[in-house]
Amino acid sequence: MAASEEMSSLFPIFILSVMGLFTVPWTIYRISNFTGMRKKNLNCRCSECVRAPKNQTSLSQKVWKFLTFSNVALVTSWLIIFVLFYYIKISTRESQPFDPFLILGLEASASDNDIKKAYRRLSILYHPDKNPDPEANKYFVDFIAKAYQALTDPVSRENFAKYGHPDGRQGMQMGIALPKFLLDIHGAAGGLLLIAIVGVGVLFPLMGAVWYLRQSAKYTGNYVMHQTISSYYRNMKPSLAPSKVLEVLVQAAEFVEIPVRHRDEVPLQKLFLIVRSELNLDPKNMKSEQQKFLKKRHPAFIKAELLLLAQLTREYNGIPPEMKADFDLVMNIVPRLMEELMKIALIPRTVEGHGWLRPALSIMEFSQSIVQAVPLSARKVSERAANVSADGIAPFLQLPHFDENVVKKLGRKKMRSFQELRELSKESRADLLKTAGGFSQQEVEDVEAVLDMMPNISVEVKCTTEGEEGIQEGDIVTMEAWITLQRENGLIAAHPHAPHFPQVKDELYWLLLADQLANSVWTKQRITFMDESTSIAAASKIIGESVEGTGADDTEVNKAVKEAVQRVKGGARLVMEKFQAPAEGTYKLTAFCLCDTWLGCDKKVNVTLKVAKRSRPVLRPGVSQGEGVQLLEDGIDEADEVDDDADEDYESEYSDENDEDDEEEKERIKEATANLLEKDNDSSSSSSDDEHND
């Protein structure tokens, strides 16, 4: 029994060690994240954002926010560790190794007379004839008498000096890290307990793992269902207009899982009447249009579309109370659905492996409108609004205290674009807002806070062929782009001003190198300014490998890497992509840097790519002409599908303004194509003559 007690005492130590392996790193990770988040305030500080429900937390909400599963589990783990530590300390104090000098209160150099004096002194206190206490009797027999014998007997004392025990060398003991009650159970009770332990410790986790795998099999790495991706791919069009993005977005399998109850019928009809202005319906036949809209698709898609339209029109207060939870769920899903929709638009669709540009631009415009709660109709420049703003009133509406009437008043003062308002000095802008817009000082400060938060983007793009001068047909072209973000308030990473969006949204940017005439995206890259450490590591690796490839020494490589790190810390991000050079010609490309949260902050830069005729052999393995191209379903021809599905009324703020240049470019492309066909015909006819002569 004593041996089993000693072995079972290892169980607390085993549990303490296992919990420490998980709890200590977990605590360090949580503390580092908390301190990183507390360094700077990344939120907008205007009065609208401060009053927004997502930024207001009561005491009870703070308590519930802290009482998450992760926090509770972490605190519980530390409590268990402290209890185990205290228990182990007490148990080890009671089971200290046998030390006769310590028991008798002597030094290791004590003489025989000192040993006898100490024994007599303790005998008076603990001897059974002097002290009737049973505990004192047990302590005297087990410790004092044994310690006196060990120090007075020459053999015992020699064993203690050599082996640390009066009985001589002790054999090695093996322990089992199990609690004592498991070692004492016999018979049927032990078998039942073993089955229970196996069930709780093995079967339940196994069932949980099976359930998790079945659920995760429906989702991709971005937590989007595979069924949703298939639906988006089928419904994506080469010229998807911004007004059509919503119809594609709502056809997600995630929305089908949101219940549509019978009691939702009347609230949905009321919500339809609130947002019908954005549906482009015939006002003369509103009843028939309403019936047609509410019955044309799956009820879950209709519900999601109406809730998203309520977000676009800022009609959150018009949503029935019984549908507020559904609205929050829809808005929580939308950001990752928009990101996945963008990826679907950029999937290679052409023979050259290029994605589609127009749907990508439309998706970004719709994402900006959703985050800022700006109607898509506000982005159109109608004849009535042309005298108000050259780019519509949508960019103005993202500023606090702005509405259509304020924009009209500014238009009368010759303030016709959002960029002109941003370029004004703070004094001139404050004077304009006070005199023309009727703003108070607090409202002017709110506008300035948002303008200081808005990003200023600059893009530097360079296309080269490594190790060669110029670009020739079939070369692997390296696009190196630096995207720099600056704000007036000095921040780099920040959360956008979005008081009408119910969740905290991080800024996300996309860099596209595209041919607007061909509606094709040559390269694309997702960019974020929230994680500086990852960006530094990526830029250091890219620049280091690039400079090493030129044959530079370590000093030059370290210098280039150091400069790249400084640029990243200053708000720049490095993007490096490779693509195969097309046929001979001059290509007028455009580099787009698109933001999914801010209106009027996108940047585009013209890039001219000159490709010469091949005059040198291909020294590096290139990309095959059809590599990476995803075939269309059912064998449909690409050109036929593009012509059939193109939206004739496609409008985007990125469309070219000079139509004459477009026509000239198209004529140039036609002439080049005709010349190539003529050369091919000549070569084929000459080869036919040679075969005939043979």
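Which residue lies over the face of Tyr316? Lys324 does, at 4.6 Å from the ring centre. The legends below describe a predicted model.

**View 1. Overview of the chain.** The chain has 694 residues, and buried residues make up 39% of them. It holds 28 helices and eight strands. Take the contacts between residues at least 6 apart in sequence: 71% of them join residues at least 24 apart.

**View 2. Charges over aromatic rings.** Lys324 sits over the face of Tyr316, with 4.6 Å to the ring centre. Arg567 sits over the face of Trp482, and here the distance to the ring centre is 4.3 Å.

View 3. The whole structure contains 13 aromatic pairs. One joins Tyr126 and Tyr139, whose ring centres are 5.1 Å apart. Their planes meet at 55 degrees, so the pair is tilted; the edge-to-face class would need an angle over 60 degrees. Tyr126 belongs to helix H7 (residues 112–126) and Tyr139 to helix H8 (residues 134–152), so the pair ties together parts 13 residues apart in sequence. Tyr126 is partly exposed, at 28% relative accessibility. Tyr139 is partly exposed too, with a relative accessible area of 32%.

**View 4. Lys138 in helix H8.** Lys138 is a residue of helix H8. Is Lys138 buried or exposed? Lys138 is exposed, with a relative accessible area of 53%. His127 is eleven residues away along the chain, and the C-alpha atoms of Lys138 and His127 are 9.4 Å apart.

**View 5. A phenylalanine cluster.** Four residues form one aromatic cluster: Phe396, Phe402, Phe418 and Phe439.

View 6. Helix H16 spans residues 286–295, and its residues Met286, Gln290 and Phe293 are buried. Viewed down the helix axis, the buried residues fall within an arc of 70 degrees, so they line one face of H16. What do they pack against? Their partners are helix H15 (265–275) and helix H17 (299–312). The other side of H16 carries the exposed residues Lys287, Lys292 and Lys295.

View 7. Helix H12 covers residues 226–235. Its buried residues include Thr228, Ile229 and Ser231. Tyr232 and Tyr233 are buried as well. The buried residues of H12 pack against helix H13 (242–249), helix H14 (253–256) and H18.

**View 8. Cysteines without a disulfide.** How many disulfides does a search of the whole structure find? The search finds zero. Cys44 is in no disulfide; its nearest cysteine sulfur belongs to Cys46, 3.6 Å away. Cys44 is buried, at 4% relative accessibility. Cys49 is also in no disulfide, and its nearest cysteine sulfur is again that of Cys46, 3.6 Å away. Cys49 is buried, with a relative accessible area of 3%.

**View 9. His354 in a loop.** Where does His354 lie? His354 is in the loop between helix H18 (324–345) and strand S1 (355–356). The residue is buried, with a relative accessible area of 13%. Leaving out residues up to four places away in sequence, His354 touches Ile347, Pro348 and Arg349, along with Ser520, Val521 and Trp522.

**View 10. An open five-stranded sheet.** Five strands form an open sheet in the order S1-S5-S4-S7-S8, with antiparallel pairing. Which strands stand at the edges? S1 and strand S8 (603–611) do. Each has a single partner strand, so one side of each is left without a neighbour in the sheet.

**View 11. The S7–S8 pairing.** Strand S7 (residues 585–595) and S8 run antiparallel and are joined by nine bridges.

Methods: Residues numbered from 1 in each chain as written. Predicted model: local features only at pLDDT ≥ 70, side-chain atom pairs only at ≥ 80, totals over all residues. Heavy atoms only, no water. Phe/Tyr/Trp six-rings, centres within 6.5 Å; stacked < 30°, edge-to-face > 60°. Helix = DSSP H or I, 4+ residues; strand = E, 2+ residues; numbered from the N terminus. Buried < 20%, exposed > 50% of the residue type's maximum accessible area, 1.4 Å probe, protein only. Lys NZ or Arg CZ within 6 Å of the ring centre and 35° of its normal. Arc of directions from axis to C-beta. Contact = heavy atoms within 4.5 Å. Disulfide = S-S within 2.5 Å. Pairing = 2+ DSSP bridges.
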